[in-house]
Amino acid sequence: MIEITDLHKNFGGHHVLRGVNLSVEKGESMTVIGGSGSGKSVLIKHIIGLLFPDRGRVVVDGQDLNTLDERGLNDIRKKFGMLFQGAALFDSLTVGENVGFSLKQHTRMSDREIRDAATEKLALVGLKGVEDKMPSDLSGGMRKRVGLARAIAMDAEIILYDEPTTGLDPITADAINDLIVDLRKKLGVTSVAITHDMQSAYKISDRIAMLYKGEIQEIGTPDEIRNTTNPIVKQFITGSAVGPITAD
Amino acid sequence: MINWLELLGSRTTAVMIEMGKVVMFLIQTLRWCTSRPFYFKNLLKQMEQIGVNSVPVVLTTAISTGMVLALQSYTGFKRFGAESLIGTVVSLSMTRELGPVLTGLMVAGRAGASMAAELGTMRVTEQIDALYTLATNPMKYLVVPRFLASTIMMFFLTALGMYVGIAGGYFVGVKVLGTNPVTYINQSINNTEVTDIWYGLIKSLVFGAVVGLIGCYKGFNTEGGAEGVGKATTGAVVVSCMLILILDYFLSALLW
């Protein structure tokens with residue numbers, strides 16, 4: 001479903017991605033782990049066409065994002081939902097309007113139908129009676145849930161999660177993990193997450209890929225990653241300060 | 001000496017690159033102005049925020065300027081017995097020059113700063129990226145309504161500023177300083193032509209476009225966190241005001 005081949009990206013002479021190769025199958029849950037500055041966010045932004053490669057290809061459903069015009073890109077983006085690290089809810093809109101945003105923009109549904117759909121999606125992520133609240137009235141965990149409801153509003157086939165548990169307390173983080181697993185079961189979507197939270201990665205993933213210095217170090221199932229012999233991956237998953245990875 | 005020249009060269013290059021980016025942003029904005037979908041609701045909301053909400057500031061500035069202008073010109077003109085010309089000075093100044101320029105500066109300070117801060121915050125909190133992921137073009141959704149609203153509303157605010165400024169001048173000239181009202185009005189009407197008003201209003205359209213363009217450009221290209229938003233906001237006000245003052249001269253020369 002997603003095929004990333006030899007992906008390179010430079011920012012002002014800083015070579016962030018150095019030939020990333022990664023494929024994600026339909027219905028699979030792939031998590032990319034890595035430290036801060038390893039290029040995870042840059043990678044996920046390439047998958048949805050927020051950034052474009054200096055070299056290499058990102059192919060989604062057989063279409064190379066590099067070759068698409070704006071309309072083509074938007075058609076591809078309608079297949080995606082993305083949960084941002086800080087949820088990225090629109091401050092000026094209510095929760096209900098946030099969730100129904102893409103329905104309002106891309107369908108001919110009436111305001112009533114959009115509101116009903118938003119209520120339904122909010123219920124899917126465990127929220128009730130918050131449609132008329134403003135995003136600033138919500139807690140961090142609730143904001144993430146609303147972000148997730150917005151991501152699935154157009155019945156997305158692929159959901160991207162940018163650090164879904166960052167900034168949340170452990171219990172709320174685990175509730176978000178459960179929600180991600182639950183949504184995948186209910187909706188059968190393909191998921192790509194980036195995180196440095198190993199508990200989350202083990203819980204939500206079919207496969208885990210470790211990104212270090214712009215390159216994929218290892219890809220495997222959660223069990224394979226737990227039992228890795230790769231010193232870089234081993235150090236990262238155990239959170240040790242001693243090893244080949246040095247703190248910046 | 002070489003270091004100094006290098007610095008001058010790099011600064012000049014940076015300014016030229018920035019100017020190029022602003023021009024490219026303007027071209028993109030104009031392009032998106034003419035293509036579907038049109039966000040009329042956003043346009044109306046921005047017209048309210050930029051235009052209606054700026055009315056108190058513009059009214060205060062215009063009335064104060066008109067009154068001070070009448071007072072100061074009376075003091076000067078009285079020395080050679082030309083008090084009857086106060087009306088002409090006030091109405092010509094307000095229509096050709098002070099109406100559009102002061103309204104432009106006030107709107108740049110209020111609405112331009114607000115636009116840059118709002119879009120800058122949306123940029124650093126990834127709300128603009130979120131729009132892209134929701135298959136919505138942020139240039140159309142955010143920039144075009146602000147650019148158009150700023151241009152349209154500056155026209156009406158300037159017209160209002162002209163009227164109120166002239167009224168303020170009349171009040172001081174006639175009610176406070178005791179100038180003959182008939183002479184005052186006759187002088188104002190006889191020496192102010194419709195083209196004077198149009199020149200001022202044409203200027204206002206340009207200044208409105210400048211405020212909308214620079215406010216959106218600075219906000220849209222914000223980098224960093226809260227500090228970046230602060231810099232974008234300051235930059236939007238400073239650049240808009242400078243451009244208004246610079247363009248004012250060239251427009252005045254052109255519309256002589």
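Guide: Two strands pair if DSSP finds at least two bridges between them. Helices (H or I, at least four residues) and strands (E, at least two) are DSSP runs, numbered from the N terminus. This is a predicted model: local features need pLDDT of at least 70, side-chain atom pairs (heavy atoms; no hydrogens or water) count only at pLDDT 80 or more, and totals for chains, interfaces and linings use all residues. Residues are numbered from 1 along each chain as its sequence is written, while chains are lettered from A and ligands numbered from 1 in the order in which they are written.

Start with strand E6 of chain A, residues 80–83. Its partner here is strand E7 of chain A, residues 158–162. The two run parallel, and four bridges join them. Within that pairing, A:Met82 stands opposite A:Leu160 of E7(A).

Now check the faces of E6(A). Both are covered. A:Phe80 and A:Met82 lie on one side, A:Gly81 and A:Leu83 on the other. All four are buried (under 20% relative accessible area with a 1.4 Å probe, protein chains only; exposed is over 50%, partly exposed in between).

The side chain of A:Lys79 meets that of A:Asp61 in a salt bridge, 2.8 Å from N to O. The rule asks for a side-chain nitrogen of Lys or Arg within 4 Å of a carboxyl oxygen of Asp or Glu.

E5(A) is joined to strand E4 of chain A (residues 55–60) by two bridges. There, A:Val59 stands opposite A:Asp64.

Another strand of chain A deserves a stop. E3(A) covers residues 29–33 and holds A:Thr31. A:Thr31 counts as buried because its relative accessibility is 0%. Beyond its neighbours within four places in sequence, A:Thr31 has contacts (heavy atoms within 4.5 Å) that include A:Ala193, A:Thr195, A:Ile204 and A:Ile208.

Salt bridges also form inside a helix. A:Asp182 pairs with A:Lys186, with the closest N and O atoms 3.1 Å apart. Both lie in helix H7 of chain A (residues 170–187), four residues apart, about one turn of the helix. A:Asp182 is partly exposed, at 30%. Over all chains, the structure holds 25 salt bridges.

Next, the boundary between the chains. Chain A gives 22 residues to the contact and chain B gives 17. The buried area is about 1700 Å², of which carbon and sulfur atoms give 57%. That area is what two parts lose in accessible area (1.4 Å probe) on being put together, summed over both. On the chain A side, A:Glu70, A:Phe90 and A:Phe101 lose the most area to chain B, together 26% of what that side buries.

Two salt bridges cross this interface. One of the pairs is A:Lys45 with B:Asp129, 3.6 Å from N to O. In chain A, the elements giving two or more residues to this side are helix H2 (70–77) and helix H4 (101–106). H4(A) gives the most, with four residues. A:Lys45 and B:Asp129 also belong to a salt-bridge network with B:Arg123 and B:Glu126.

Finish in chain B. It has nine helices and zero strands. Its C-alpha trace spans about 65 × 55 × 30 Å along the principal axes. Of its 256 residues, 48% are buried. Among its contacts between residues at least 6 apart in sequence, 86% join residues at least 24 apart.

Helix H1 of chain B (residues 2–33) contains B:Thr29. B:Thr29 counts as buried because its relative accessibility is 1%. Setting aside residues up to four places away, B:Thr29 touches B:Met139, B:Val143, B:Val144 and B:Phe147. Lastly, B:Lys218 forms a salt bridge with B:Glu18, at 3.8 Å between the closest N and O atoms. B:Lys218 lies in helix H8 (residues 194–220) and B:Glu18 in helix H1 of chain B, so the pair ties together parts 200 residues apart in sequence.
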